[in-house]
Amino acid sequence: MAASIIEMIVFPGFIFLGVLGMIFEYVDRILYARLQNRKGPPWFQPFADFIKLGAKEDVIPREADSRMFKLAPILAAAAAVVASFYIPMWGGSALHSFTGDAVVVIYLLTIPTVSFFLAGWYSTSLYSTVGAVRTITQLFAYEVPLFLVILAPGILAGTWSLSGMAVFYSQHPLLCLTNVLGFVVAIVALQGKLERIPFDIPEAETEIVAGTFTEYSGRLLAIFRLAIDIETVVGAALVSAIFLPFGIGLGGVLGCLVFIIKIAVVMFILAVFKTSMARLRIEQMVNFCWKYVAPAAVLQLFISMILGAFIGDAFIGGGE
Amino acid sequence: MKKPGKMLAELFRNVTKPPATIQYPFRKLEIPGDSRGRIVFISENCIGCKICVRDCPAEAIYINKPGEEKIFEAVFNLDECIYCAQCVLSCPKDALSISPDIELAQISRASLRLVYPAKPKPPQPPKEKVDKPAEGNAAPAASA
Amino acid sequence: MNPDKIVKIPMGPQHPALKEPACFTISLNGEKLVDLDLRLGYNHRGIEKAAEERTYIQNIYLLERICGICSHSHTTCMIQCVEQIAGLEVPARGRWLRTMVGELERVHSHLLWLGVAAHEVGFDTLLMYSWRDREIVMDLLAAMTGNRVNYSFNLIGGAKLDITEEQKKDILKAVDALEERTKYYIEVATEETTLVARLSNVGYISLDDVMRIGVVGPTGRASGLDSDARKDDPYAAYDEIPFKVITDTHCDVYGRALVRMGELMESYKIIRYVLQNLPDGPIAVKAPRKIPAGEAISRYEAPRGEDVHYVRANGTDKPERMRVRAPTMVNLLAVPKMLKGDNLADVAITIAAIDPCFSCTDRAIRVSDYDGGNAKVMTWEETRQFSIDWYRKNGVDFTELNKRFANRIK
């Protein structure tokens with residue numbers, strides 16, 4: 001009991017993920033800066049920001065629903081942490097694992113987005129409301145492709161357990177190559193999920209100030225930012241567990257290192273993506289997702305199904 | 001030909017280059033030598049005509065005569081000065097010049113008041129005959 | 001349209017998209033813009049009145065501070081008025097040097113605009129790169145004039161500083177570097193898919209509307225209006241320098257970007273031409289302190305469009321009246337027209353595309369009752385009627401002129 005509480009709160013739970021999230025926020029920011037030929041922030045900047053925000057007053061608008069206003073950030077952070085328990089990090093399996101946990105993880109990762117919507121909606125400010133509506137519009141655009149490409153590898157592996165998939169693909173690393181298209185789609189969808197350029201439409205600062213987060217300040221904003229950091233790491237871990245299943249089962253320090261390198265690779269791709277493009281308009285984003293990303297995801301699904309029907313039989317069951 | 005990520009090649013080229021930004025108080029950019037910074041007053045040259053006071057757009061300069069002698073001190077209000085160097089241009093006797101000193105921030109208002117004390121003129125008689133050469137950029141005539 | 005569905009969003013006076021205060025109240029139906037209400041005057045500093053209290057020499061520096069970016073434009077425009085009244089003949093070298101500083105200013109203003117526009121559409125990378133390269137021209141201006149902005153390069157009667165051979169070489173070298181970079185930015189602006197998608201078909205304004213509203217500068221030229229004060233009414237040395245007026249027929253923000261980039265390339269050519277053909281001789285003539293009575297108007301093609309100054313002198317060393325018509329004033333009036341039916345996301349970039357300078361523009365006048373101190377608000381109709389009556393009383397009748405204008409627009 002005590003051990004599992006420590007697992008949840010300290011390692012590899014809340015505190016570990018929070019620290020890792022902030023380290024990767026720094027990585028993201030320094031990459032963004034260096035790609036732009038700037039110097040970038042010092043390594044402690046995310047921590048300093050967090051402490052500074054934590055020391056400030058929470059201002060809750062009079063018009064806002066104070067309970068929902070306070071609940072939303074906590075909900076977002078909690079959901080992102082819980083999702084991490086089902087993602088295999090460096091051990092053979094995740095902290096908790098059961099058949100079909102891939103679906104649960106995707107749902108849990110949707111909760112932060114929904115809580116952004118709730119936060120914006122219950123702030124009742126104009127900018128927040130527009131941001132909230134944009135958040136939910138965008139959710140419908142990237143969620144379906146993400147869902148499809150996360151589940152597609154499961155067909156070949158014969159399991160919808162993330163740990164099972166990871167183990168299967170680490171045993172048959174060549175089959176990873178069939179998922180390249182899925183990897184690309186997952187990166188695009190993840191960029192949308194994390195609301196980063198070119199899909200930072202819900203918080204586009206030159207249009208709607210800070211979108212959903214316009215009214216947030218102090219500790220609540222700090223928790224929101226932490227939630228986004230954790231979501232980034234969890235999202236990157238999810239993508240790397242499924243599409244880059246190398247070094248699974250190494251365990252110990254080496255496994256941990258491989259895990260962090262894999263996340264860093266995903267983060268690097270995300271940062272380059274963010275640096276090289278302009279923000280799209282919401283209708284351009286939805287068009288793009290349904291015209292190109294969703295068909296690509298369906299194609300990936302077909303590839304997995306056909307492979308599963310013809311050559312997959314030999315492997316099925318390997319992951320259980 | 002339209003393609004997404006047009007700037008990618010440029011981005012990767014710049015990752016390895018040293019950053020274009022610098023950390024200011026620790027490293028400083030080179031300031032061109034004739035930048036208009038703090039105005040320097042040379043009391044020995046001043047004849048007290050006060051054209052600079054009249055021409056100053058910001059009313060930031062005052063010329064005072066502290067004693068009975070014909071020597072003058074100058075007071076600059078650095079917070080009012082707009083560093084246009086019109087006074088330097090207007091001065092008929094080269095008593096004012098510009099310096100590239102631009103780091104003039106102070107923590108109190110009082111220290112923004114810069115006083116150049118009056119200095120007695122050097123003993124040898126100044127060469128009154130040599131006028132300032134009438135270059136193209138000569139200041140408007142003092143007596144107009 | 002159901003009026004309940006209309007949401008009014010204030011953009012400004014404080015908003016991340018606006019670098020200066022102005023208030024745009026946007027009526028939205030979903031993401032679509034229905035109406036836009038414009039309110040100015042947050043940055044009114046009373047410069048015109050202040051100019052009447054100062055001597056001409058002091059006014060050079062006062063007017064320079066109307067705008068940080070086009071400071072050379074405003075001073076040159078005002079000084080041209082004064083020179084015209086005083087009958088001063090500026091030496092050729094002085095005029096050519098003025099031209100060069102004016103073009104360097106255009107280069108830094110357009111590069112600044114490129115960065116701002118990129119930032120408005122969320123392309124911060126282009127902002128960082130274009131502003132990094134803008135430092136090249138800022139350094140040139142600092143070395144040549146003594147300051148990065150507010151150059152104080154003008155004198156009544158000419159230029160303040162001459163240029164050395166060393167500086168000439170530096171400028172030529174920097175212009176080569178800038179030209180290469182600008183070519184690259186033209187490539188980026190025309191080839192990067194996301195950027196083109198955000199700029200194309202946004203903020204459309206037809207040539208007819210441009211002429212009716214009186215839009216000036218790159219904004220007008222991007223709709224095919226072939227008007228440039230440098231060509232139409234040459235000042236400084238522009239009548240002796242060959243250059244092209246860049247126009248475009250896209251009529252949208254993309255076209256405005258292309259026009260500005262094209263003007264950058266033209267500016268480099270002008271700067272090179274000036275340096276190669278710089279006439280010898282003095283750079284300034286001596287100007288009297290007291291300007292004889294008279295009045296003059298002067299046009300100047302600032303980076304943002306045509307700047308017009310009017311000066312009336314009364315024989316003292318202070319002007320009796322000074323009037324500034326900044327280019328943003330007319331261009332702003334076109335913004336509601338441009339934005340009809342566009343998205344909320346396009347508001348920031350469309351406003352940015354006219355390259356607004358609100359502090360240049362703000363000359364609000366508050367009419368107050370002298371005795372009671374009560375503010376009196378005149379409606380547009382009342383103000384219009386008042387001016388018509390006032391002019392008629394003074395023997396000026398605009399009825400014929402209005403008819404002629406109406407016919408011309410049709």
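Which residues form a nonpolar patch on the surface? The patch consists of L254(A), L257(A), I261(A), V265(A), F268(A), I269(A), F12(B) and V15(B), with about 650 Å² of accessible area together. This is a predicted model, in which local features need pLDDT of at least 70 and side-chain atom pairs count only at pLDDT 80 or more, while totals for chains, interfaces and linings use all residues. Residues are numbered from 1 along each chain as its sequence is written, chains are lettered from A in the order in which they are written, and side-chain values use heavy atoms, without hydrogens and water.

**Nonpolar patch**
- Patch residues have over 30% relative accessible area and no salt bridge, and nonpolar side chains (Val, Leu, Ile, Met, Phe, Trp, Tyr) are joined within 5 Å; areas come from the Shrake-Rupley method with a 1.4 Å probe, and for residues only the protein chains shown count as cover.
- At least two residues of the patch are supplied by each of α11 (252-275) of chain A and α1 (8-15) of chain B, helices being DSSP runs (H or I) of at least four residues, numbered from the N terminus.
- The most is given by α11(A), with six residues.

**Interface of chains A and B**
- Contact, meaning heavy atoms within 4.5 Å, links 14 residues of chain B with 10 residues of chain A.
- The two chains bury about 1,100 Å² between them, 65% of it on carbon and sulfur atoms, where buried area is the accessible area (1.4 Å probe) lost on being put together, summed over both parts.
- In chain B, L11(B), V15(B) and P19(B) lose the most area to chain A, together 37% of what that side buries.
- Zero salt bridges are found across this interface, by the rule of a Lys or Arg side-chain nitrogen within 4 Å of an Asp or Glu carboxyl oxygen.

Notes:
Patches are made of residues with over 30% relative accessible area and no salt bridge: like charges are joined within 9 Å, nonpolar side chains (Val, Leu, Ile, Met, Phe, Trp, Tyr) within 5 Å.
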